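Here are some notes for a colleague who is coming to this structure without having seen it before. They are set out as numbered points, to be read with the sequence and the coordinates at hand.

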Amino acid sequence: MSEQEQRKYVLDYMQASKEYFTVKELVGKISKTNKKFREDVIEGVVTMLLDDRLIQKEKVGTLNVVWSFPADATRALRQRKQGLLDKCAAERTKQASLQERLEQSRLQCQESGEDRQRLQEVVDEMALRVSSKQEKLQALKSATPVDVHDKVRVAKQAKTATNRWIDNFYTLEGYFKSCFSGTTEDFYQSMNIASPPEYIE
């Protein structure tokens with residue numbers, strides 16, 4: 001017999017007899033009804049049925065008696081079913097919680113990837129700036145004092161010339177307004193510029 005058949009055999013015997021037994025008495029009586037059903041196997045089946053609460057056990061005086069009535073078995077099966085349903089519900093809740101944590105982890109990983117990309121862009125830009133500064137510094141290192149003086153002089157001349165041109169620009173703007181009664185916007189439009197030039201400090 002399979003394990004399930006053995007369990008059913010013992011349970012059916014006890015419910016049909018509607019009696020109280022010690023485990024030793026129960027094993028002995030069942031073994032007599034089926035010679036192929038060894039006593040040690042029967043005792044193991046009784047233990048499993050006790051664990052599943054399909055058999056009841058109580059101490060009466062000095063003896064431990066067992067029994068199983070149909071109503072008791074039905075109630076035990078109902079309780080076992082409810083226990084399994086509760087476990088399933090708990091597992092579903094746990095699964096939903098794990099799924100939510102997984103989605104949060106995926107979003108965090110995605111955000112972390114975007115942050116790394118932005119940081120990498122900043123780092124790359126800073127590297128270009130440093131490289132440019134280093135090139136200029138290297139050029140200055142190889143220049144003589146005369147070269148540096150000439151560069152400073154040329155820069156000052158360019159600044160002066162630029163600011164002089166800006167002076168002329170604003171003089172021309174005043175002339176335009178007085179002669180043509182135009183506005184600043186009209187003047188900028190005629191000169192095809194979007195905004196006024198600024199002096200170089």
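**Notes on the predicted model**

1. In this predicted model, three strands form an open sheet, arranged in the order β1-β3-β2 and paired in the antiparallel sense. The edge positions are taken by β1 (21-22) and β2 (56-60), each of which has a single partner strand, so one side of each is left without a neighbour in the sheet.

2. The pairing of β1 with strand β3 (residues 63-67) is antiparallel and rests on two bridges.

3. Among the facing residues here, Gln56 stands opposite Trp67 in β3, and Lys59 stands opposite Asn64 in β3. The hairpin that β2 and β3 form has two residues between the strands, and within this hairpin Gly61 takes a positive phi near 65 degrees.

4. Turning to the helices, how do α1 and α2 pack, in terms of the angle and the distance between their axes? The angle is about 110 degrees and the axes are 11 Å apart, and α1 and α2 are therefore roughly perpendicular to each other. On the α1 side the contact is made by Tyr9, Val10, Tyr13 and Met14, and on the α2 side by Leu26, Lys29, Ile30 and Thr33.

5. For α1 and α3, the axes come within 10 Å and cross at roughly 80 degrees, and these two helices are therefore also roughly perpendicular to each other. The residues that make this contact are Glu3, Gln6, Arg7, Val10 and Leu11 of α1, together with Val41, Val45, Val46, Met48 and Leu49 of α3.

6. The largest nonpolar core has 15 residues, and those with the most contacts inside it are Val10, Met14, Leu26, Leu49 and Ile55. Each of α1, α2 (23-33) and α3 supplies at least two residues of this core, and the largest share, four residues, comes from α3.

7. When its neighbours within four places in sequence are left aside, Ile55 is in contact with Leu11, Met14, Val46, Leu49, Leu50, Val66, Trp67 and Ser68. In α2, the buried residues are Leu26, Val27, Gly28, Ile30 and Ser31, and the buried residues of this helix pack against α1, β1, α3 and β3.

8. Charged side chains deserve a separate look, since side chains of opposite charge can pair when their charged atoms come close. The count of salt bridges in the model comes to four. In one of them, the side chains of Asp52 and Arg7 meet at 2.7 Å, N to O. Asp52 lies in the loop between α3 (39-51) and β2, whereas Arg7 lies in helix α1 (residues 3-17), so the pair ties together parts that are 45 residues apart in sequence. Is Arg7 buried or exposed? With a relative accessible area of 10%, Arg7 is buried, and Arg7 is also among the residues of α1 that make the contact with α3.

9. Asp12 counts as partly exposed at 35% relative accessibility, and Lys8 counts as exposed at 53%.

10. The side chains of Asp40 and Arg38 also meet in a salt bridge, at 3.1 Å from N to O. In this pair Asp40 is partly exposed, with a relative accessible area of 49%.

Methods
Residues numbered from 1 in each chain as written. Predicted model: local features only at pLDDT ≥ 70, side-chain atom pairs only at ≥ 80, totals over all residues. Heavy atoms only, no water. Pairing = 2+ DSSP bridges. Buried < 20%, exposed > 50% of the residue type's maximum accessible area, 1.4 Å probe, protein only. Core = buried A, V, L, I, M, F, W, Y, C linked by side-chain atoms within 4.5 Å. Contact = heavy atoms within 4.5 Å. Axes fitted to C-alpha atoms, helices over the stretch in contact; angles between N-to-C directions. Parallel < 35°, antiparallel > 145°, perpendicular 65-115°, else oblique.
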